[in-house]
Amino acid sequence: MKNTVVTIQEAKNNKEKVTMLTAYDYSMAKLIDEADINMILVGDSLGMVMLGYEDTLSVTMEDMIHHTKAVARGAKNALIVADMPFMSYQTSIYDAVCNAGRLVKEGRAQAVKLEGGREFAEHIKAITNASIPVVAHLGLTPQSLNAFGGFKVQGKSEEAARKLIEDAVIVEEAGAVAVVLECVPAKLAALITKKLHIPTIGIGAGADCDGQVLVYQDMLAMFGDFKPKFVKRFGEIGKQMKEAFQTYSEEVKTGAFPAQEHTFKIEDDVIEKLY
Ligand code: KIV
């Protein structure tokens, strides 16, 4: 069944959990889609996990469109959400609408995600008015890394928690179809989830959110040395991949690969004439 903003809202209404994973290319999008995950996020985390940057700040619109296109070719049923990269919407409402439009028109995303609360309410309204669904992102918003002074859990003081609740209500009123809550104390995320009509999708925000999202490289342990507290490793794929690469290398070097069954034949009388 095709997931849409309507079915995602129905899931919240029916108290069914929503699943979301990141993907950045065709083959992974296809696998995730075939696993019946509801939503695929083409996250600007691609800057770190696919392009090797230290943070998300260098990701461009061209990067996002390129990867969203590939994901859209691989996913039939998942709702595809593309991140609006740093400085693609902060500069003006006009830029926000144009760039959201490019992610839909060129990338074939079905919704866009942007980081921030009340300061971007007018941007969310304008994008929504252009018939593009918006997912808001609150709590730890990695594009504000330099303003936060690092990656930290958000909303721990009474004042910060009140601001987070207000922001969540404001983005819902502005037209957001869902809110990602990143690195927010579980009890605060539960309270926000109760107050909102739209689904909350948590990452490091506890079990009471309406859904969960993870970066696939984290949940598959593809980077052995990186494990944030909120990540559960559902596979040890990094280790398996490395072992497979090493076995391939050994077999090529010893001549064990390719074997007869991997080899194409030619009739002997044909080959003899060529010597
Ligand atoms: O870019 C991303 O992958 C994200 C998730 C961490 C929510 O925004």
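**Reading the pockets**

A: Let us start with space: the largest pocket holds about 690 Å³, and please keep in mind throughout that this is a predicted model.

Q: How many residues line the largest pocket, and which of them lie nearest its centre?

A: The lining is made up of 30 residues, and those nearest the centre of the largest pocket are Met48, Glu182, Val215, Asp218 and Phe230. Sorted by class, the lining of the largest pocket has 16 nonpolar, six polar and eight charged residues.

Q: Where does the ligand sit, and which residues surround it?

A: The ligand is found in the largest pocket, where the residues around it are Thr22, Leu41, Gly43, Asp44, Ser45, Asp83, Lys113, His137, Val180, Glu182, Ile203 and Val215. The shell that they form around the ligand divides by class into four nonpolar, four polar and four charged residues.

Q: Which side chains have an N or O atom listed with a distance to an oxygen atom of the ligand?

A: For a polar contact one looks for a pair of N or O atoms within 3.5 Å. Among the examples here, a side-chain N or O atom of Asp83 is 3.1 Å from an oxygen atom of the ligand, one of Lys113 is 2.8 Å from a ligand oxygen, and a polar side-chain atom of Ser45 lies 2.5 Å from an oxygen atom of the ligand. Taken alone, the ligand would expose 260 Å², and the protein buries 95% of that area.

Q: What is the volume of the second largest pocket, and which element gives the most to its lining?

A: The second largest pocket has a volume of about 380 Å³, and helix 8 gives the most to its lining, with four residues. Strand 5 (134–139), like helix 8 (158–174), supplies at least two residues of that lining. In total 22 residues line the second largest pocket, with Gly139, Thr141, Phe148, Gln154 and Lys163 nearest its centre, and by class the lining has seven nonpolar, ten polar and five charged residues.

Notes:
Residues numbered from 1 in each chain as written. Predicted model: local features only at pLDDT ≥ 70, side-chain atom pairs only at ≥ 80, totals over all residues. Heavy atoms only, no water. Near = heavy atom within 4 Å. Polar contact = N/O pair within 3.5 Å; in protein donor to acceptor, adjacent residues only side chain to side chain. Areas by Shrake-Rupley, 256 points an atom, 1.4 Å probe, with all protein chains shown as cover. 1 Å grid on protein atoms, 1.4 Å probe; cavity = no way out; pocket = protein on both sides within 12 Å on 5 of 7 lines; lining within 4 Å. Sits in = over half its atoms within 2 Å of the grid points. Nonpolar A, V, L, I, M, F, W, Y, C, P; charged D, E, K, R; others polar. Points joined across faces, edges and corners; volume = space filled by probe spheres on them.
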